[in-house]
Structures are given as structure tokens and as C-alpha cells.
Amino acid sequence: MLKQHINVLSLFDGISGARIALENLGIECYYFALEIDKYCLMVSRKNYPDIIQMGDVKDIKGDEFPLIDLLIGGSPCQSLSIAARQKESGLEKGHSILFWEYIRILEKCKPVYIELDGWDE
């Protein structure tokens with residue numbers, strides 16, 4: 001039997017698109033989000049004022065949360081994209097280095113389920 005509510009932690013949350021998907025699936029959740037873009041935060045807060053905004057992923061230890069059932073995240077991938085044509089490439093430089101923050105939080109929170117957006121291509 002599925003829990004009444006699940007605890008969701010969304011890293012690099014953007015405009016909380018994952019929350020929309022969960023809502024469309026009829027999944028009720030306590031939703032914790034990590035996002036720093038002010039425009040994304042404005043949209044997210046307007047649409048879902050109940051989301052618990054936690055700030056920057058780099059400032060989170062990982063023990064601030066209850067048991068996380070679902071960890072969601074799609075770290076920036078500009079440094080991996082051939083289209084971006086940046087000097088810095090790979091997971092060790094540029095924005096894509098934030099991938100390691102996802103791994104750090106994953107290891108700390110030990111969620112029941114994970115979703116890593118964009119890494120299935």
C-alpha cells in the first residue's frame with residue numbers, strides 16, 4: 001500500500017516541474033526544493049506556496065530532511081553539451097560540477113527512489 005504522502009527532495013528544482021508531474025499522477029507529497037534562480041523561485045512560489053524552499057544545494061548538509069522517499073534532480077549540463085561550446089567541459093569544471101552535489105546528497109539522504117533527469121540520453 002502506498003503511503004498517504006511521500007517526502008520528495010528536488011535538487012535544481014527550476015519551476016517545480018516535477019511537482020506538476022506528481023500532482024498529475026495523484027501523488028500527494030511534502031516537497032522540499034533546492035533552487036537559487038530568482039525567476040524560477042517566483043514561479044514555483046506562486047504555483048506551490050507549500051513547497052519548502054531550502055536554498056542552494058551547496059549549502060545543504062543532507063541531514064536537514066526527514067526520510068526522503070524520492071530524490072529528483074537534473075544538475076546543469078552545459079559543460080557536457082557539445083552545443084554549448086564552452087572551454088570548460090566534463091563533470092570537473094563549469095556548471096556541470098554540480099552533478100557531484102547530487103551524488104553527495106544522494107549518499108547522505110539514502111532515498112527510497114531516485115530520478116536523475118537528463119542522464120538517460
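**View 1. Serine 44 in helix α2 of the predicted model**. Serine 44 is located in helix α2. This residue counts as buried because its relative accessible area is 0%, below the 20% limit. The side chain of serine 44 forms a polar contact of 2.5 Å with the side chain of serine 16. Beyond its neighbours within four places in sequence, serine 44 is in contact with Asp13, Gly14, Ile15, Ser16, Pro49, Ile51 and Gln53.

**View 2. Buried and exposed residues of helix α2**. Helix α2 spans residues 38–47, and Cys40, Leu41 and Ser44 are buried within this element. These three residues lie on the same side of α2, because they cover an arc of only 95 degrees around the axis. An α-helix has 3.6 residues a turn, so residues three or four places apart point the same way. The buried residues of α2 pack against β3 (52–53). Lys38, Tyr39, Met42 and Lys46 are exposed on the other side of the helix.

**View 3. The N-terminal cap of helix α2**. The N-terminal end of α2 is capped by aspartate 37. A side-chain oxygen of aspartate 37 lies 3.0 Å from the backbone nitrogen of tyrosine 39.

**View 4. Strand β2 and its pairing with β1 and β3**. Strand β2 comprises residues 29–34 and is mostly covered, with five of its six residues buried. The pairing of β1 with β2 is parallel and extends over six bridges. Within this pairing, valine 8 stands opposite tyrosine 31 in β2. Together, β1, α1 and β2 form a right-handed β-α-β unit. Strands β2 and β3 also run parallel and are joined by two bridges; alanine 33 stands opposite glutamine 53 in β3. From β2 the chain passes through α2 to β3, and this β-α-β crossover is right-handed.

View 5. Most residues other than glycine have a negative phi. The position of phenylalanine 12 is in the loop between β1 (6–11) and α1 (17–24). With a relative accessible area of 17%, phenylalanine 12 is buried. Lysine 110 counts as exposed because its relative accessibility is 60%, over the 50% limit.

Definitions and conventions: Residues numbered from 1 in each chain as written. Predicted model: local features only at pLDDT ≥ 70, side-chain atom pairs only at ≥ 80, totals over all residues. Heavy atoms only, no water. Buried < 20%, exposed > 50% of the residue type's maximum accessible area, 1.4 Å probe, protein only. Helix = DSSP H or I, 4+ residues; strand = E, 2+ residues; numbered from the N terminus. Arc of directions from axis to C-beta. Contact = heavy atoms within 4.5 Å. Polar contact = N/O pair within 3.5 Å; in protein donor to acceptor, adjacent residues only side chain to side chain. Pairing = 2+ DSSP bridges. Right-handed = clockwise from strand over helix to strand, strands pointing away.
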